[in-house]
Amino acid sequence: MVGPSRPQFVLFGSSIVQLCFSHGGWGSILSDIYSRKADILLRGYYGWNSRRAVQVLDQVFPKDAPVQPALVIVYFGGNDSMGPHSSGLGPHVPLDEYMENMRKIAIHLKSLSDTTRIVFMSCPPVDEARVSSSTSGIFSEVVRTNELCQIYSNSCIKLCQELGVKVVDLFSAFQKRDGWTTACFTDGIHLSAEGSKIVVEEILKVLKEAEWVPSLHWKSMPTEFSEDSPYDLVAADGKQTLNPSEWTFHREVHWD
């Protein structure tokens, strides 16, 4: 562990989480936005469903940890929503069990501390044409439809409303973007840089609107070592230095 200690934001989920530092991913964007403000920790597991997530809750989020996360962003549902395989194998989880698993995850995270905040992300849509046409020969048939994605997304949102958990409706957010089927994905399922920008925009919107004390929106959080220094770059007048600790001009997108 290095210091000074910062709030920890944990990203917990399946491949959309594991890959969120690839292809200009949303995890890397959040790390940039929250640099000098919070540490973004990745706990993403390719191919996982909510059933496997529940099995490792105590290992990933031990209740007796000396430091508990300030924020946990959770995404499971895409793999759960896949059509069941005739063998009984595979990632599919029936809807009722998915709901119960997500409930268990929320209750466990709420028990970590009074100040641990939670955001769930619902199942996004997929580009059905690409998914059906690009299935690798090493896999059996992949049944992934937007009808199923929407059912699981709506159920996640309903559960969050019941439990008082903040939720990002990715299923709706992606489809507001023109040409979303080609723009938002690298392969019809996993996110492109454009898709990740939508995720970040929606997360920041939730964090800005949440009435949490302290606020976890990046503009409201203190910046580490932000004091003025005579060792900063000298201004054009040659009489003072310019404090760069809050500079954001390097960013491709100027986030709200």
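Start by selecting Met121: leaving out residues up to four places away in sequence, it touches Trp26, Ile73, Val74, Tyr75, Cys156, Val168, Leu170, Val199 and Ile203. Touching, or contact, here means heavy atoms within 4.5 Å.

Before you go on, a word on what you're looking at. This is a predicted model, where local features need pLDDT of at least 70 and side-chain atom pairs count only at pLDDT 80 or more, while totals for chains, interfaces and linings use all residues. Residues are numbered from 1 along each chain as its sequence is written, and side-chain values use heavy atoms, with hydrogens and water left out.

**Stop 1**

Buried means under 20% relative accessible area, exposed means over 50%, and partly exposed is in between (1.4 Å probe, protein chains only).

**Stop 2: the cavity**

Next, select Ser15, Ile16, Leu19, Cys20, Ser22, Gly25, Trp26, His190, Leu191 and Ser196. They line the largest cavity, which holds about 60 Å³ of space. On a 1 Å grid over the protein atoms alone, a cavity is a set of points where a 1.4 Å probe fits but cannot get out, and lining residues have an atom within 4 Å of a point. Grid points are joined across faces, edges and corners, and the volume is the space filled by probe spheres set on the points.

**Stop 3: the cysteines**

Stay with Cys20, one of those lining residues. How many disulfides are there, if a disulfide is a pair of cysteine sulfur atoms within 2.5 Å? The count comes to zero. For Cys20, the nearest cysteine sulfur belongs to Cys184, 16 Å away. Jump to Cys184 and the closest cysteine sulfur is in Cys149, at 14 Å, which is too far for a bond. Cys20 is buried at 1% relative accessibility, and Cys184 is buried at 0%.

**Stop 4: Tyr152**

Tyr152 sits in helix α7 (residues 146-163). Is it buried or exposed? Tyr152 is buried, with a relative accessible area of 4%. Show what it touches beyond four places in sequence: Gly77, Asp80, Ser81, His92, Val93, Pro94, Leu95 and Tyr98. Zoom in on Leu95, whose backbone nitrogen lies 3.2 Å from a polar atom of the Tyr152 side chain.

**Stop 5: two loop residues**

Find Gln68 in the loop between α4 (57-60) and β3. Gln68 is buried, at 16% relative accessibility. Its side chain reaches two backbone oxygens: that of Pro62 at 3.0 Å and that of Lys63 at 3.3 Å.

Then hop to Ser14, in the loop between β1 and α1. Ser14 is buried too, with a relative accessible area of 2%.

**Stop 6**

Most residues other than glycine have a negative phi, and most peptide bonds are trans. Here are some exceptions to click on.

- Gly3 and Pro4 are joined by a cis peptide bond, with omega about -10 degrees; Pro4 lies in the segment before β1.
- Val213 to Pro214 is also a cis peptide bond, with omega near 0 degrees. Look for Pro214 in the loop between α10 and β6 (233-234).
- His23, in the loop between α1 and α2, has a positive phi near 55 degrees. His23 is exposed, with a relative accessible area of 54%.
- Phe225 has a positive phi of about 50 degrees and is found in the loop between α10 and β6. At 55% relative accessibility, Phe225 is exposed.

Methods:
A disulfide is a pair of cysteine sulfur atoms within 2.5 Å. Helices (H or I, at least four residues) and strands (E, at least two) are DSSP runs, numbered from the N terminus. A polar contact is a pair of N or O atoms within 3.5 Å; within protein, one must be able to donate a hydrogen and the other to accept it, and residues adjacent in sequence count only if both atoms are side-chain atoms. On a 1 Å grid over the protein atoms alone, a cavity is a set of points where a 1.4 Å probe fits but cannot get out, and a pocket is an open set with protein on both sides within 12 Å along at least five of seven lines; lining residues have an atom within 4 Å of a point.
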